[in-house]
Amino acid sequence: MLEMSFRKSLAELEEERRIKIIEQRRVPIRRGKVYIIKERCKECGFCIDNCPSKVLVKSEDVNERGYHYPVVVEEPPLKVCIACGFCSLICPDFAIFSVPIESDDEFGGRS
Ligand code: SF4
Ligand code: SF4
């Protein structure tokens, strides 16, 4: 039990350290804007399951074919789209892609 709480506090400290570094803008953060062509989506869930940042979740609405498509839910500064492009690579229906955000933004942006 003691070991578990020690581990948790180390994890919390590490997260605080990362947030601090980001806030001080010492690390350029790659950000992406995600585009979803919802009518192409067939709800396979590959993009949601494989997004390294875990910013994709299933929509509550359905598209015109009755499928739940992905939507983006970010929690800056750490849980954001990093424009890795993996979702567009893995989507069998070419229904999602991400474009790097070029300008600075409130979360650190590019340096
Ligand atoms: S580009 Fe990468 S980080 Fe952004 S939504 Fe797609 S898989 Fe996730
Ligand atoms: S990988 Fe493509 S088809 Fe599958 S859920 Fe994501 S957007 Fe929809």
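Here are some notes on the predicted model above, point by point.

1. Ground rules. Residues are numbered from 1 along each chain as its sequence is written, while chains are lettered from A and ligands numbered from 1 in the order in which they are written. As this is a predicted model, local features need pLDDT of at least 70 and side-chain atom pairs count only at pLDDT 80 or more, whereas totals for chains, interfaces and linings use all residues.

2. Overall layout. The protein has 3 helices and 4 strands, in the order α-β-α-β-β-α-β along the sequence. Here helices (H or I, at least four residues) and strands (E, at least two) are DSSP runs, numbered from the N terminus. Of contacts between residues at least 6 apart in sequence, 69% join residues at least 24 apart; a contact means C-beta atoms, placed from the backbone, within 7 Å.

3. Burial and the core. Buried residues account for 17% of the 111 residues. The cut-offs: buried is 20 or more other C-beta atoms within 10 Å of a residue's own, exposed is 12 or fewer, and partly exposed is in between, with C-beta atoms placed from the backbone. The largest nonpolar core has 14 residues, and Cys47, Cys87 and Ile96 have the most contacts inside it. Such a core is a set of buried Ala, Val, Leu, Ile, Met, Phe, Trp, Tyr and Cys residues joined through C-beta atoms within 7 Å. Beyond four places in sequence, Cys87 touches Cys47, Cys51, Leu56, Ile96 and Ser98.

4. The β1/β4 pair. β1 (32-36) runs antiparallel to β4 (residues 96-100), with 5 bridges joining them; pairing takes at least two DSSP bridges between two strands. Ile36 has Ile96 as its bridge partner in β4. Gly32, Val34 and Ile36 form the covered face of β1, and Lys33 and Tyr35 the uncovered one.

5. Ligand 1. There are 15 residues around ligand 1, of which Cys51, Cys81, Cys84, Cys87 and Ser98 come nearest. Being near means a C-beta atom, placed from the backbone, within 6 Å of the molecule or strand. β1 and α3 (86-90) each supply at least two residues of this shell. By class the shell has 11 nonpolar, 4 polar and no charged residues, where Ala, Val, Leu, Ile, Met, Phe, Trp, Tyr, Cys and Pro count as nonpolar, Asp, Glu, Lys and Arg as charged, and the others, Gly among them, as polar.

6. Ligand 2. Here 14 residues make up the surroundings, the closest being Cys41, Cys44, Cys47, Cys91 and Ala95.

7. Cys81. This one sits in the loop between β3 and α3, and it counts as buried because it has 22 C-beta neighbours inside 10 Å. Cys81 and Cys51 are 30 residues apart in sequence, yet 8.7 Å apart in space, C-alpha to C-alpha.

8. Two backbone angles to look at. Most residues other than glycine have a negative phi. Lys54, in the loop between α2 (46-50) and β2, has a positive phi near 55°; Ala83, in the loop between β3 and α3, also has a positive phi near 55°. Lys54 is partly exposed, with 13 C-beta neighbours inside 10 Å, and Ala83 is partly exposed with 17.

Note on methods
Contact = placed C-beta atoms within 7 Å.
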